[in-house]
2 protein chains.
Amino acid sequence: MQDKITAVLKAIADPTRREIFHVLLIASTALPITQIANQFDISRQGITKHLKTLEEAGLVVIDTKGRERFCNANATPLKEVNQWLQGYEQFWNNSLSNLGDYLDKNS
Amino acid sequence: MQDKITAVLKAIADPTRREIFHVLLIASTALPITQIANQFDISRQGITKHLKTLEEAGLVVIDTKGRERFCNANATPLKEVNQWLQGYEQFWNNSLSNLGDYLDKNS
DNA sequence: TAATAATGCAACTATATGGTTGCAAATATA
DNA sequence: TATATTTGCAACCATATAGTTGCATTATTA
């Protein structure tokens, strides 16, 4: 397998999956798969595959009720990405001068 | 092609590329390709391919001097990822799984 | 009970990805 | 000049990815 952050990054590295995630996050209610698929140009099975990737990353939670599977977005795994990013925050403004700070703290 | 943020996310979605990026960022000087490759178990050509992906995402800048190509990390493109993430920050403190965290800590 | 709707599963295709090896070209050094 | 070093290019391989279609199954509803 792959580690957690890799799973999350791979999930959001695809534009369609970012869109699906966004649709689910701003939806006021959980959406069944067919209803999600209707909002995209690709087939229901295509959407299902993307949902599986998102689910494995923890970004989507699926709740089966009868014949329907209701999907909800869960933003929590993004925390991990945020943490990884923050480790580099000091570099993206003034990389050279902050490299010194980093070395001071980590050597 | 793909848009900028997709390129950056795909670049950092691979653990080896995250490692390369990290090595270059904390290196006190720009490193030629062979020297980077020596720090990894995969072949020089494998590293070269990863460097190309990182370069296309703007995360690595390469400066040719004579027969050598010196590589430097550039964290700036991570800003874009950070911005995308911040759009969801409000959700990861206020989601169902955090209700779970709350209940865990207070019952 | 019969028809309809939502879904999963499986097979298939095309292309991307992560990796390798061999060789040629350019540059540096003895 | 002869040799060694750094690199790029090309071919190749195995697997993953993004997508499709067809069909069977399970629920719902008329």
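DNA strand C is surrounded by 19 residues, of which Thr34(A), Arg69(A), Ser43(B), Lys49(B) and His50(B) are the closest; a residue is near a strand if one of its heavy atoms lies within 4 Å of it. Of the atoms of DNA strand C that come within 4 Å of the protein, 58% belong to sugar and phosphate. This is a predicted model, in which local features need pLDDT of at least 70 and side-chain atom pairs count only at pLDDT 80 or more, while totals for chains, interfaces and linings use all residues. Residues are numbered from 1 along each chain as its sequence is written, chains are lettered from A and ligands numbered from 1 in the order in which they are written, and side-chain values use heavy atoms, with hydrogens and water left out.

| Side chain | DNA atom | Distance |
|---|---|---|
| Thr34(A) | phosphate oxygen, DNA strand C | 2.4 Å |
| His50(B) | phosphate oxygen, DNA strand C | 2.2 Å |
| Arg67(B) | base oxygen, DNA strand C | 3.0 Å |
| His50(A) | phosphate oxygen, DNA strand D | 2.2 Å |
| Arg44(B) | base oxygen, DNA strand D | 2.9 Å |
| Arg67(B) | base oxygen, DNA strand D | 2.5 Å |

The elements that give two or more residues to the surface near DNA strand C are helix H3 (33–37), H4 and strand S3 (68–73) of chain A, together with H4 of chain B. Helices (H or I, at least four residues) and strands (E, at least two) are DSSP runs, numbered from the N terminus. With four residues, H4(B) gives the most to the surface near DNA strand C. The residues of that surface divide into three nonpolar, eight polar and eight charged, where Ala, Val, Leu, Ile, Met, Phe, Trp, Tyr, Cys and Pro count as nonpolar, Asp, Glu, Lys and Arg as charged, and the others, Gly among them, as polar.

Around DNA strand D there are 19 residues, and those that come nearest are Ser43(A), Lys49(A), His50(A), Thr34(B) and Arg69(B). Sugar or phosphate holds 53% of the atoms of DNA strand D within 4 Å of the protein, and the rest belong to bases. H4(A) gives the most to the surface near DNA strand D, with four residues, and the residues of this surface divide into three nonpolar, eight polar and eight charged.

How are the two protein chains related?

Chain A itself has six helices and three strands, which follow the pattern α-α-β-α-α-β-β-α-α when read along the sequence. Among its contacts between residues at least 6 apart in sequence, 50% join residues at least 24 apart.

Terms used:
Contact = heavy atoms within 4.5 Å. Polar contact = N/O pair within 3.5 Å; in protein donor to acceptor, adjacent residues only side chain to side chain.
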